[in-house]
Amino acid sequence: MNYFVIADPLKCIGCRTCMIACVVEHSNKDIFYQDPKDINFNPKLEVVKNAQVSAPIQCRQCEDAPCTKACPHNALTKEDNSIVVNEEKCIGCKNCMLACPFGAINLNDTEKGKLVNLENIPNDKLFCIEKMVANKCDLCKNSDEGPACVRVCPTSAFKIVTEEDLSQSIKNKRKSATIKL
C-alpha cells in the first residue's frame, strides 16, 4: 500500500515554508546562492489560501492511481510506495492533471534558461519553446529523511498517513457507526 502526506487545514497558517522546502529538496543546486531569476521554483505541492483557511494540496499517491491510467506514455508509475513522474517520457499532455481527483498535479517548465537551437525555424517568426512536464509530490523519494514538508512545517500541520493509520481510522469509523445504531 502507498503512504501519503496530508496537512491539517486547522493547523496550516499558509506560510508556504513547505513549498520552499520542497524546492530546496528537489533542487540540484543550493538555491540560496543563485540569482533569483535563475531559480526554477516549482514545488511539488501548492498551498491554497482564502480568507478562512489555508491548506497544502498534494498527491495522495493513490493505490489505483487515475493519473497513471490516463498517461498515454506511461510517464507516471508506481515506485517505492509512491507515484513518480519520468520527465523524459512525459509529453506534457495534461491528461494526468485532468484525471487527478485532488488537483495535485500541475505542469512546469524543466528547461528554464536552456538555449534552444532554432536554426531550422524561419528568422521572421518568434517561437517560445519549453518542455512542460507533470509535476507532483514524490514523497521526496531521494531523501533519507522523508518528505521535506513534514520536517519543516512550523505548526506540525503535516502528517504521513500509513496503512496502519488508515486501518485504525476505518476501525474507529465502524465502531462509532455501530454505537449510533
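Phe41 is found in the loop that runs between helix H1 (17-26) and strand S2 (46-49), where helices (H or I, at least four residues) and strands (E, at least two) are DSSP runs numbered from the N terminus. The model is a predicted one, in which local features need pLDDT of at least 70 and side-chain atom pairs count only at pLDDT 80 or more, while totals for chains, interfaces and linings use all residues. Residues are numbered from 1 along each chain as its sequence is written, and side-chain values use heavy atoms, with hydrogens and water left out.

With a relative accessible area of 40%, Phe41 is partly exposed; on this scale, buried means under 20% relative accessible area, exposed means over 50%, and partly exposed lies in between (1.4 Å probe, protein chains only).

Stepping back to the whole chain, the protein contains 5 helices and 8 strands. Along the sequence, these elements follow the pattern β-α-β-β-α-β-β-α-β-β-α-β-α. Of its 181 residues, 31% count as buried. Strand S2 pairs with strand S3 (residues 54-57) in the antiparallel sense over 4 bridges, two strands being paired if DSSP finds at least two bridges between them. A hairpin through 4 residues joins S2 to S3, and Val47 has Pro56 in S3 as its bridge partner.

Two residues stand out for their backbone angles. Most residues other than glycine have a negative phi, and most peptide bonds are trans. Arg16, although not a glycine, has a positive phi of about 65°. Arg16 is placed in the loop between strand S1 (4-7) and H1, and its relative accessibility of 35% makes it partly exposed. Asn74 is likewise not a glycine and has a positive phi of about 50°. Asn74 sits in the loop between helix H2 (66-70) and strand S4 (76-79), and counts as partly exposed at 49% relative accessibility.

Charged side chains come next. Side chains of opposite charge can pair when their charged atoms come close. The structure holds 4 salt bridges, each defined as a side-chain nitrogen of Lys or Arg within 4 Å of a carboxyl oxygen of Asp or Glu. In one of them, Glu25 pairs with Arg151, and the closest N and O atoms are 2.8 Å apart. This pair links distant parts of the chain, with Glu25 in helix H1 and Arg151 in helix H4 (residues 148-152), 126 residues apart. Glu25 is partly exposed at 28% relative accessibility, as is Arg151 at 35%. Glu25 and Arg151 are also linked with Glu145 in a network of salt bridges.

A salt bridge also joins Lys78 and Glu63, with 3.7 Å between the closest N and O atoms. Lys78 lies in strand S4 and Glu63 in the loop between S3 and H2, so the pair ties together parts 15 residues apart in sequence. Lys78, at 45% relative accessibility, counts as partly exposed, and Glu63 does too, at 47%. Between Asp64 and Lys69, the closest N and O atoms of the salt bridge are 2.8 Å apart, and both residues are exposed.

Aromatic rings give a short account. The charged end of Arg60 sits over the ring of Phe102, 5.0 Å from its centre; the criterion is that NZ of Lys or CZ of Arg is within 6 Å of the ring centre and within 35 degrees of the ring normal. A search of the whole structure finds 0 aromatic pairs, with rings of Phe, Tyr and Trp (its six-membered ring) pairing if their centres lie within 6.5 Å, and planes under 30 degrees apart counting as stacked, over 60 as edge-to-face and the rest as tilted.

Finally, Thr110 is found in the loop between strand S6 (106-109) and strand S7 (132-135). Thr110 is partly exposed, at a relative accessible area of 27%. Thr110 and Lys131 are 21 residues apart in sequence, and their C-alpha atoms are 6.1 Å apart in space.
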